[in-house]
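Dear colleague,

I am passing on the structure we spoke about, and below it I have set out what was found in it. Please read the notes with the model open beside you.

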Amino acid sequence: MKIVLFWFRRDLRLNDNSALNAALKSGFKVLPLFIFDEEILFSLQKNDPRVQFIYQKLTEINNQLLSYGSSLLIKKGNVEKIWRELIKEYQIAEVYFNKDYEPYARQRDTTIFDLLDDNQIKVYSFKDQVIFEESEILKKDGSPYTVFTPYKNTWLNRFKINAIADSSSLQKQNFFLFRSPFPSFEQLGFQTSAIQVIDFNLNIGNYAQDRNFPQADSGSYLSPHLRFGTVSIREIILQLNAKDEIFLSELIWREFFMQILFHFPKVVYENFRAKYDGIKWRNNPDEFKKWQEGKTGFPLVDAGMRQLNQTGYMHNRVRMIAASFLVKHLLVDWRLGEAYFADKLLDFELASNNGNWQWAAGTGCDAAPYFRIFNPTEQLKKFDKELKYIKQWIPEYGSADYCPPMVEHKFARQRALEAYHNIVSLS
DNA sequence: TGAAATGTTGGGGCG
DNA sequence: ACGCCCCAACATTTC
């Protein structure tokens, strides 16, 4: 019997899933598949909380599928090798998956597409993780936007709320009646983590007013869910009210950076603006370590880094301040900070993380000018006046146990200005 | 989605 | 009442 395979990747849900809906309408029975890609696992810790989250969500999906008489096929290893085996094992008519726009995924998917094509298997890929993908929001001359505001204006003009309403419901009877043994977490070789992804909260009525105040806990905590597709971006946007435009704007930043990464994949390794390539980073390992551990002596930086280390999350404003401090005050290459965030953030997404680090470093598209240097002490006065946030994350704050500032602000500011100015004046 | 340095203004103390 | 000085408050420029 010929079947189709639906390949879950970063769309770990059954409802409002573009490629899955299409697969279920194909006329064939659908076998859902997930592959733990060893290329990705290779760079992660055994107890990475994100792998644990993926496993939890796969378990939930599998339980739903069991009630439909089906189940999820789980594989782990080299993706190409696994697909070669699948082609032999099953009579595959077609393969469905949702598009992933990251450079590694695009390369991997091209390889798999060619392999399937060589075996006369049709492949259908779908837009699912964004409202508008890279080819849909372009300037009049066909080139991509590199400035956020005009990108956002075009995005909003193009956006029609009725165009995203998904009317199709899950056609449960079209799943392949199949039971494969669902591997345990231990069988897959993973270890448990104390850090958990918390559920999102769309009760964001005061988001616009509260979002800069880290103690207000005004975040939606949506980001990990959007990262792994455990929620549909379309459903989220349909639930927003007209007054949630600041929140919507943050979702547009997400798509802005995704299309930047698509059109300019070099940003993964290089400054978007090459004129900053000559900056002489200090990259002092001891200082970098103090920043990582939240022991810089600047309370807002330290509170943020400790929140990150303990929970896998950091408040957005504090991310900017911590990033600015590393890059400007310590003159550590933004790529090192980016890599640390990539390791720790539950919501790590290459496009946003890279885009925001380049923003903080002043090297990115539409970035903060290099001479805009956050003063962590001023930011504390403005955004955590009552010291609630910093006391939550720095229990020893105010006692002799709390470390003194590792660098004098005025001195570090001047040093950063000189390091950047030297480069800019050369170009 | 910055902060510091510099410039301007005006009220109040004082002789 | 007047001019002078000080300085806080605000505005503008600069990094």
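Two loop residues with positive phi

Leucine 387 lies in the loop between α17 and α18 (388-393). Please keep in mind throughout that this is a predicted model. The phi angle of leucine 387 is near 60°, which is a positive value in a residue other than glycine.

The surroundings of the DNA

DNA strand B is surrounded by a set of residues that runs from Met320 and Ala368 through Phe371, Arg372, Ile373, Phe374 and Asn375 to Glu378 and Gln379. Sorted by class, the surface near DNA strand B has five nonpolar residues, together with two polar and two charged ones.

Domains of chain A

The domain assignment divides chain A into domain 1 (3-128), domain 2 (130-166 + 199-263) and domain 3 (268-426). Taken over C-alpha atoms, the centres of domain 1 and domain 2 are separated by 25 Å, and twelve residues of domain 1 are in contact with 16 residues of domain 2. On the side of domain 1 that touches domain 2, the residues divide into seven charged, four nonpolar and one polar.

If residues up to four places away in sequence are left out of the count, phenylalanine 6 touches Ala19, Leu20, Ala23, Val30, Pro32, Leu33 and Tyr96.

Which residues of helix α15 (residues 334-344) are buried? They are Trp334, Gly337, Glu338, Phe341 and Lys344. These residues cover an arc of only 135° around the axis, and they therefore sit on the same side of α15. Among the elements that cover the buried residues of α15 are α13 (299-311), α14 (316-329) and α16 (350-361).

Two further positions

Aspartate 244 is found in the loop between α10 (233-239) and α11 (245-263). With 18 other C-beta atoms within 10 Å, aspartate 244 is partly exposed, and, not counting residues up to four places away in sequence, aspartate 244 touches Ile204 and Tyr207. Aspartate 244 and serine 352 are 108 residues apart in sequence, and their C-alpha atoms are 21 Å apart in space.

Arginine 413 has its place in helix α19 (residues 409-426). How many other C-beta atoms lie within 10 Å of arginine 413? There are 17, so arginine 413 is partly exposed. Between arginine 413 and glutamate 134 there are 38 Å in space, C-alpha to C-alpha, and the two are 279 residues apart in sequence.

Terms used: Residues numbered from 1 in each chain as written. Chains lettered and ligands numbered in written order. Predicted model: local features only at pLDDT ≥ 70, side-chain atom pairs only at ≥ 80, totals over all residues. Near = placed C-beta within 6 Å. Nonpolar A, V, L, I, M, F, W, Y, C, P; charged D, E, K, R; others polar. Contact = placed C-beta atoms within 7 Å. Buried ≥ 20, exposed ≤ 12 C-beta atoms within 10 Å, placed from the backbone. Helix = DSSP H or I, 4+ residues; strand = E, 2+ residues; numbered from the N terminus. Arc of directions from axis to C-beta. Domains from an automatic or database assignment.
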